[in-house]
Amino acid sequence: LAEPDGLGPLLDRIRSGLGATVTARPPWAFEASGAAERLRRQFGVSSLTGFGLEGLTGAVSAAGALLEYLSDTQKGDLAHFTGITAYSTDQYLVLDPATRRNLELTRRLSDGSKSGTLLWVLDHTVTAIGGRRLRAWIEQPLISVPAIQERLDAVGALFDDGFRRAEIRDRLKSVYDVERLAGRVACGTANAKDLVALRNSLAVIPRLAEILAGTGGAAAGGTAGGKDTGALASLGSRLRPLPEVVELISTAIVDDPPFVTNEGGLIRQGYSEEVDRLRSASRDGKRWIAALEEKERQRTGIRSIKVGFNKVFGYYLEVTNANLGAVPDDYTRKQTLTNGERFITPELKEHEQLILGAEERLSALEYQLFAEVRAKTAAFAGELKANAGLLGQIDALASLAEVAVDRGYTRPEVDDSEVLLIRDGRHPVLDQILGQDFVPNDAALDTGDRRLIIVTGPNMGGKSTYLRQVALIALMAQMGSFVPAKSARVGIADRIFTRVGASDDLSSGQSTFMVEMTETAAILNLATRRSLVLLDEIGRGTSTFDGLSIAWAVAEYLHHQGTAGCRTLFATHYHELTELAELLPGVLNYSVAVREKGDEIVFLRRIIKGGSDRSYGIQCARLAGLPRPVIERAKQVLAGLEAERASHLSRVEAAATGGGGAGLKGGPGYNGPGTIQLSFLEVPPHPLVDELRLMDLAGLTPIEALNTLYRWQERLKKDG
């Protein structure tokens with residue numbers, strides 16, 4: 001099918017960016033009424049209203065087209081699709097693609113691997129379903145305080161009770177990927193080993209439910225006894241052991257079946273009388289064949305005679321060339337070899353037919369019985385999928401508790417406030433890597449007088465780490481995890497935005513600076529009062545004055561205009577931005593502490609109150625290994641530039657108007673409602689400007705005017 005007009009460039013980006021395969025489907029597959037009818041037929045309902053799809057025409061069309069595609073390609077029963085859920089971003093904290101990349105939630109920026117990501121730190125799951133569930137929690141943190149508290153309660157109960165946590169994790173090690181096993185069973189593609197794995201997984205559930213309820217065994221003797229077990233008990237009460245499925249598979253299928261399903265060896269002894277009879281016939285025939293070799297050696301006197309079998313010629317007696325003269329008359333030649341010949345006898349042929357016939361019938365019957373067991377198991381696909389979801393949750397919760405105990409995390413206080421208060425917070429990944437060497441830091445943000453924190457300081461000092469650390473702690477709290485901090489209070493954020501680092505997008509022809517501005521524009525247009533925004537080095541991709549102007553305007557906007565003051569951390573090397581703290585009531589300056597000793601600097605990794613007026617770029621360049629002549633020349637150039645700046649540039653002056661919010665009225669340059677007016681780095685007027693201002697142009701003769709212009713030109717040449 002041809003791809004829809006106008007979508008070619010978008011589909012190309014999907015293919016290249018995601019490595020995805022794009023398959024075009026006919027337009028009729030997306031027709032709303034037909035799609036809705038396919039969904040109603042699939043779920044056996046007369047209306048889709050009960051699934052929350054009322055008015056979601058686009059979603060119904062897409063789901064119906066997907067169902068049609070699966071039916072067309074899988075060529076099997078889709079009975080395991082028993083319902084549909086309408087997904088809405090209103091239920092989750094929104095993370096745009098740039099933020100996911102910058103925070104390295106599940107993929108590392110450098111190589112796309114899991115190592116060094118938040119998932120790498122938190123994933124101590126012991127099942128595949130638990131690992132997928134934990135990844136989903138990281139990528140979709142919650143915004144409902146009750147839902148977050150319920151998850152934190154469960155993690156807290158497992159955190160407090162090491163005995164219960166250990167036994168749960170130990171039991172879960174026997175659980176296979178029930179979610180995918182259920183899908184294969186429902187689609188009719190599961191083999192016998194899949195059924196056995198499903199049985200073994202279900203067999204874990206009864207004891208697991210007891211542990212979650214806090215009754216019996218190690219759980220009852222744990223330190224938490226019954227404390228905060230409500231969330232865990234609720235999970236346990238929803239598990240379904242399905243004893244009928246366990247009994248069916250245990251009775252019908254052998255414990256260690258082969259991978260293939262059409263060659264026998266699947267059905268347990270005693271499940272089918274016919275299988276037992278055919279198996280006995282085959283076994284007796286093979287015993288007769290095994291005894292035939294010795295019998296023929298005795299009868300013929302040929303000590304080297306052998307009985308063999310292959311799928312082409314069946315059973316045969318093999319005799320070497322040296323003994324062909326001793327072959328009896330009742331031997332019939334079947335195949336000639338280089339070193340001998342193969343023969344059959346009437347008696348051997350008769351037993352061969354009995355054996356092979358029994359084996360063929362046995363294999364067919366065993367496959368038939370196996371398929372029946374699989375079909376009966378498939379009838380429980382809905383319950384199996386529900387169990388898989390619950391087992392995944394239990395594993396993910398136990399993993400979060402295990403990490404919290406191991407790394408010394410604490411339970412955050414999550415509420416509907418607009419406060420973000422972190423004491424001795426640590427970056428979860430670097431905390432894992434560096435351990436005691438990581439330096440913790442505090443953070444305090446709100447939507448009032450701490451809404452915008454300007455963070456300055458040296459390169460390599462830890463500004464970007466600090467920004468990511470704050471975002472990750474907030475995200476972990478909203479996903480229901482304990483956090484790497486001494487304490488944390490997290491007011492719910494609806495979105496987290498990060499603009500960190502430099503990258504281009506060559507496939508769409510966007511430069512590094514254009515990518516930066518595009519991402520910044522998305523933040524300014526989409527952030528709300530409840531958002532958490534983290535910006536690092538805005539404006540660095542263009543000229544100094546352009547970049548400073550953009551950074552200043554962005555900071556102002558986030559403070560009080562478009563978003564009514566969302567919580568923002570703004571790391572920058574534009575030290576002029578520290579002046580905002582004197583002009584706007586919600587701005588505070590913080591910096592990364594360093595210790596200087598001559599040309600040497602020591603990064604203390606501490607975030608302290610107050611701004612910084614230096615970036616220590618040359619010192620960082622020296623640490624990076626730039627040649628000494630380059631470093632020395634850079635120092636000379638810097639000294640010259642600073643001297644020139646001191647003589648030609650003035651300090652930043654700003655005058656606020658009523659747009660600045662409370663406390664700004666009446667300030668210098670206030671002209672009533674409007675916008676803040678700033679004069680960046682004003683250049684003192686040149687002396688020639690004053691001379692021109694006082695000159696009597698009307699009284700100049702033409703030759704005097706020419707002489708004056710010549711004199712000015714020479715002076716300007718001399719001044720450079």
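Reader: In strand E10, which residue is the bridge partner of Arg-423?

Author: Happy to start there, with a word on the model itself: it is predicted, so local features need pLDDT of at least 70 and side-chain atom pairs count only at pLDDT 80 or more, while totals for chains, interfaces and linings use all residues. Residues are numbered from 1 along each chain as its sequence is written, and side-chain values use heavy atoms, with hydrogens and water left out. Strands (E, at least two residues) and helices (H or I, at least four) are DSSP runs numbered from the N terminus, and strand E7 (residues 420-425) runs antiparallel to strand E10 (residues 487-491), joined to it by 4 bridges. In E10, the partner of Arg-423 is Ser-487.

Reader: In what order do the strands of that open sheet with mixed pairing lie?

Author: Two strands count as paired if DSSP finds at least two bridges between them. Strand E6 (413-415) and strand E8 (441-445) are the edge strands, each pairing on one side only. Neighbouring strands here are turned by 15 degrees against each other on average, direction ignored. The order of the 4 strands is E6-E10-E7-E8.

Reader: Which helix lies across E6, E7, E8 and E10?

Author: Angles run from 0 to 180 degrees between N-to-C directions, with axes fitted as lines to C-alpha atoms, for helices over the stretch in contact. Contact here means heavy atoms within 4.5 Å. Running at about 110 degrees to E7, the helix across these four strands is H18 (residues 463-478).

Reader: What is the order of the strands in the open sheet with antiparallel pairing?

Author: Strand E2 (306-310) and strand E4 (332-336) each have a single partner strand, so one side of each has no neighbour in the sheet. Within the sheet, E3 and E5 pair in the antiparallel sense over 4 bridges, and Val-319 stands opposite Glu-341 in E5. The 4 strands follow the order E2-E3-E5-E4.

Reader: Which helix packs on this sheet by touching E2, E3, E4 and E5?

Author: H14 also packs on the sheet, touching E2 and E3, with its direction at about 140 degrees to that of E2. The helix touching E2, E3, E4 and E5 makes about 145 degrees with the direction of E3, and it is H15 (residues 346-378).

Reader: Glu-318 forms a salt bridge with which residue?

Author: A salt bridge is a side-chain nitrogen of Lys or Arg within 4 Å of a carboxyl oxygen of Asp or Glu. The closest N and O atoms are 3.1 Å apart, and the partner is Arg-342.

Reader: Is Arg-342 buried or exposed?

Author: Buried means under 20% relative accessible area, exposed over 50% and partly exposed in between (1.4 Å probe, protein chains only). Glu-318, at 27%, counts as partly exposed. Because Arg-342 has 14% relative accessibility, the residue counts as buried.

Reader: How many residues apart in sequence are the parts that Arg-407 and Asp-431 tie together?

Author: The two form a salt bridge with closest N and O atoms 3.5 Å apart. Asp-431 is buried at 3%, whereas Arg-407 is partly exposed at 21%. Arg-407 lies in helix H16 and Asp-431 in helix H17 (residues 428-434), so the parts they tie together are apart in sequence by 24 residues.

Reader: What is the nearest side chain of opposite charge to Glu-104?

Author: Glu-104 sits in the loop between helix H4 (97-103) and helix H5 (118-122). Lys and Arg count as positive and Asp and Glu as negative, leaving out His and the chain ends. Glu-104 is buried yet has no salt bridge, and at 5.2 Å the nearest side chain of opposite charge is Arg-468.
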